[in-house]
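Open the model in your viewer and keep the selection tool at hand. This tour goes stop by stop.

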Amino acid sequence: LKLQRLFEENRDLLKLAGLHGQMVGGSPPMRALYDQIKLVAPSNGRVLITGENGSGKELVARAIHENSLRASGPFIKVNCAAGPRELIESELFGHEKGSFTGASQQRRGKFELADSGTLFLDEIGDMQLTMQAKLLRVLQEGELERVGSSDTIVVDVRVIAATNQDLGQAIGAGRFREDLFHRLNVIPIRVPALKERKEDIPDLALHFLRQACEQNNRRTKSFAPGALERLSAHEYSGNVRELKNSVERLVIMVPDEVIQPADVDRWLNLGRQPGEAETAESSFYNPELTIKEMLTNAERAFILKALQDCDGHVTNAAKQLGLERSHLYKKMKALGIK
């Protein structure tokens, strides 16, 4: 009963991940995933989540945490591929003042911050081997030392890891420790790609539509008959993340309150044949708009596309667009892009 109540309270989170399963229908792959989460969430077992980029691995991790006995504790995320070893080590385990150049004060690591909660290790397959050995020790012993300290700190943390890589191949290539793999892979969960559950696209698209209208200060919009079918016909190589970004683009770029199939074709390029060029006129020209409005729409579209290509990483998007990071932030604020 408690688990069911938690799922009811977190319905929006589950829908965002596409994890509506038996609660509101859903595809067979998602019902199976929903059942797995119900079994896994109340335990303390470590979980290794695999799946393509954008398939919703972090959202699965959050769903597990929010429906666990640790739900009142923190959910802390770490990107294991971000930065050199020294920074990742400090990020995970913390450091003492003066332990290395730039360590101007003591800092608690993510393991300490996640005490009594859940630590989500994203992109675990990209972690360097030296850091893998240090992580293995913490998982084995449940204790750590900050960088520059010999004092032992005991932590109570549930670890959930995620990767889009084949760790079996990484082990064979010597890029990932087999003993760490077995420590993390207590409960394996695979998140299906969106192409494996296309029947979920309409529900997800409607959810993202409401969310995008609210976040972008747009009037409530709807899809005309046929528009959802056009969305469902698209092959989303970027999975749920690409679908979410595509719906947000429609909300921003379509001035009408009802999104038509032609709008979907225009802004998602669903109507073009492979290799057919799309002209600037067909993309952005609208006789009902002023030239300033058309230019604003074009600028917004280019920025959204760059952010989508860079998985929301503003610094990388700025490089792709040839802008300074601060300049891109100013443009995003002016254009209402969050």
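In which helix is the place of L39? Select L39 and look: its place is in helix α4, residues 28-40. The model is a predicted one, so treat each stop as a computed picture.

**Stop 1: L39 and I64.** Stay on L39. Its relative accessible area is 71%, so L39 is exposed, the cut-off for exposed being over 50%. In sequence, 25 residues separate L39 and I64. In space, their C-alpha atoms are 9.6 Å apart.

**Stop 2: the whole chain.** Zoom out and colour by secondary structure. The chain has 18 helices and eleven strands. It has 338 residues, and 46% of them count as buried. Switch to a surface view.

**Stop 3: E112 and R146.** Next come the salt bridges, 21 by count. Select E112 and R146, which form one of them. Their closest N and O atoms lie 2.8 Å apart. E112 sits in helix α7 (residues 110-113), and R146 in the loop between β6 (143-144) and β7 (153-154), so the pair ties together parts 34 residues apart in sequence. Are these two residues buried or exposed? Both E112 and R146 are buried.

**Stop 4: R230 and D265.** Select this pair next. A salt bridge joins D265 and R230, with 2.8 Å between the closest N and O atoms. D265 belongs to helix α14 (residues 261-268) and R230 to helix α12 (residues 227-232). The two residues are 35 apart, and the pair links distant parts of the chain. D265 has 25% relative accessibility, so D265 counts as partly exposed. R230 has 26%, so R230 counts as partly exposed too.

**Stop 5: R190 and E196.** Move to these two side chains. They meet in a salt bridge, 2.5 Å from N to O. How exposed is R190? Its relative accessibility is 49%, so R190 counts as partly exposed; the exposed class begins over 50%. E196 is partly exposed as well, at 34%.

**Stop 6: a network.** Finish with four residues in one selection: E58, R62, K77 and D122. Show their side chains. Salt bridges link these residues in a network.

Conventions: Residues are numbered from 1 along each chain as its sequence is written. This is a predicted model: local features need pLDDT of at least 70, side-chain atom pairs count only at pLDDT 80 or more; totals for chains, interfaces and linings use all residues. Side-chain values use heavy atoms; hydrogens and water are left out. A salt bridge is a side-chain nitrogen of Lys or Arg within 4 Å of a carboxyl oxygen of Asp or Glu. Helices (H or I, at least four residues) and strands (E, at least two) are DSSP runs, numbered from the N terminus. Buried means under 20% relative accessible area, exposed over 50%, partly exposed in between (1.4 Å probe, protein chains only).
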